[in-house]
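Hello,

Here is the structure I promised to hand over. My notes on it follow below.

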Amino acid sequence: MKIGLKISLFYTALGLLTTVAVISAFYLFSSAYIDRLFDSYLSDKAYITAQKQWEKDEVDEKHYLQIQKKYQELLPEADILLLNAADSGITKKTLKRFLSPQQVTAILNSKKEHLISFDYEEKHGAALYYPDNEGNFVVVVMAQNKYGNEIKEHLLLISVFLLIAGALITLLFGNIYSSHILRPLKQILNQLQKIRANRLDRRLKATGNHDELDALAIALNNMLDNLDNAFQTEKSFVSYASHELNNPLTAIQGECEISLMDKDTEKEEYEESLKRILSESRRMTSVIQQLLYLSKQDEQMFKASIQSVDIHDMITAIASTDSRIILSTDEKAKDTNVKANPYLLKAAIKNITDNALKYSEKDIEVCLSFIDGHLSINVKDYGIGIPEGEIESIQKSCFRGSNTAAYPGKGIGLNLARNILKAYNASLEITSKQGEWTNVRIVFL
């Protein structure tokens, strides 16, 4: 069952139950009011009958004419019985046809006016005990509530009609509204169905309503960005790994074949071949090691041996490897330690300084300092710089700047450094101006 139909049925059922409750309450209260109103008419009819019958000698003519007029107007179709309480045998027997024994006893033993309502077959009735100077009497009035029953029937029909009409209207507008609110979701689904592994560049259009579906579209677009980046990285990774591993393997294989083919090879030539094989093996080992580190997740990096690292000693050791590195250090930063794997942290920082040395013929500046209470390592070179549109991509795996074709490299050093630093809660900020300078800042948070 589709979501739109579920929504329509749910709100139809909810509306139906609410309508049933409201209409039922209205019908019950209306019916009770009609019955009470008819009972009051029966009571009035009993009193006015008693007054007409026994008050003629106690009121003036005008007042008596009013009593007669009211008697004729009020429930003219009612059945009336006049009983003399003094004739207890006949009165009691007659009353037992309409009243319970307890009600008969209560009305006959009354000392003052006493009224009892009752139901007899299809009629409602009222029995009135009426003491008078002429004697004690009982007036019984019975009638069918024809108009009241007709009103109840009309109310019931109207209630059923309103119930059915309300359910149909709710279902209709529920379908329309659910289709309207789910239309953006259907659009998102249609767009998602068009996305394939070779078309991860497609993105979903936001609804513009600033609602949860907009948030869903944005979240899905972010997920597609991550998937696209991961897919492109994987393709670059496989391509790079194949290329980088193929070259040294080919070189090693060639050296071995040449050495085996030439039986008269001198010792010096064998040594040269072995040196070339060793060099290519080390190169391949270095590539494999970097690829393995690149494939690790942050959590795996954290599991490596963590210890307190004197960052000043580490930077000083790195700076001593090349005379072009100009190191400056704040006094506050000299005695600062960070929690990290010393091998991985050194590899990350050295990758950054090696890049600066590779892409610049001038000296590079390395500064260890505190900025806004955070330890910072700033590496600045005055070399080829990074094209403006490529600064965001330069940290991706196997990505190389468009102006680096003349320089050797694998395109994984900076990405590896970023992953390592991220594992130790440090951020990497890169700013550059093409052809002039590049500044890389490491901030330990």
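**Helix packing and selected residues**

Leu 344, Leu 345, Ala 348, Asn 351, Ile 352 and Asn 355 of H10 meet Gly 413, Leu 414, Leu 416, Ala 417, Ile 420 and Leu 421 of H11. Contact here means heavy atoms within 4.5 Å. Helices (H or I, at least four residues) and strands (E, at least two) are DSSP runs, numbered from the N terminus.

Keep in mind that this is a predicted model: local features need pLDDT of at least 70, side-chain atom pairs count only at pLDDT 80 or more, and totals for chains, interfaces and linings use all residues. Residues are numbered from 1 along each chain as its sequence is written, and side-chain values use heavy atoms, with hydrogens and water left out.

Back to that pair. H10 covers residues 342–358 and H11 covers residues 413–423. Their axes come within 9 Å and cross at roughly 145 degrees. Axes are lines fitted to C-alpha atoms, for helices over the stretch in contact, and angles run from 0 to 180 degrees between N-to-C directions. The crossing is left-handed (the near helix is turned anticlockwise from the far one by less than a right angle; clockwise would be right-handed). By class, the contact of H10 with H11 has nine nonpolar, three polar and no charged residues. Ala, Val, Leu, Ile, Met, Phe, Trp, Tyr, Cys and Pro count as nonpolar, Asp, Glu, Lys and Arg as charged, and the others, Gly among them, as polar.

H11 is mostly covered, with nine of its eleven residues buried. Buried means under 20% relative accessible area, exposed over 50%, and partly exposed in between (1.4 Å probe, protein chains only). The buried residues of H11 include Asn 415, Asn 419 and Ala 423. Asn 425 follows H11 and has a positive phi, near 60 degrees.

Thr 91, Lys 92 and Leu 95 make the contact from H3, and Val 104, Ile 107 and Leu 108 from H4. Those residues divide into four nonpolar, one polar and one charged.

Ile 23 sits in H1 (residues 3–54) and is buried, at a relative accessible area of 15%. Beyond its neighbours within four places in sequence, Ile 23 contacts Ser 159, Leu 162 and Leu 163. Ile 23 and Ile 158 lie 135 residues apart in sequence, yet 9.6 Å apart in space, C-alpha to C-alpha. Ser 159 belongs to H5 (residues 146–193). Ser 159 is buried too, at 8%. Its side chain reaches the backbone oxygen of Leu 155 at 2.7 Å.

Lys 56 is in the loop between H1 and H2 (61–73). Is Lys 56 buried or exposed? It is exposed, with a relative accessible area of 56%. Not counting residues up to four places away in sequence, Lys 56 touches Gln 51 and Tyr 64.

Overall, the protein has eleven helices and eleven strands. Buried residues make up 36% of its 445 residues. Of the contacts with a separation of 6 or more, 62% are between residues 24 or more positions apart.

Best wishes

Notes: Polar contact = N/O pair within 3.5 Å; in protein donor to acceptor, adjacent residues only side chain to side chain.
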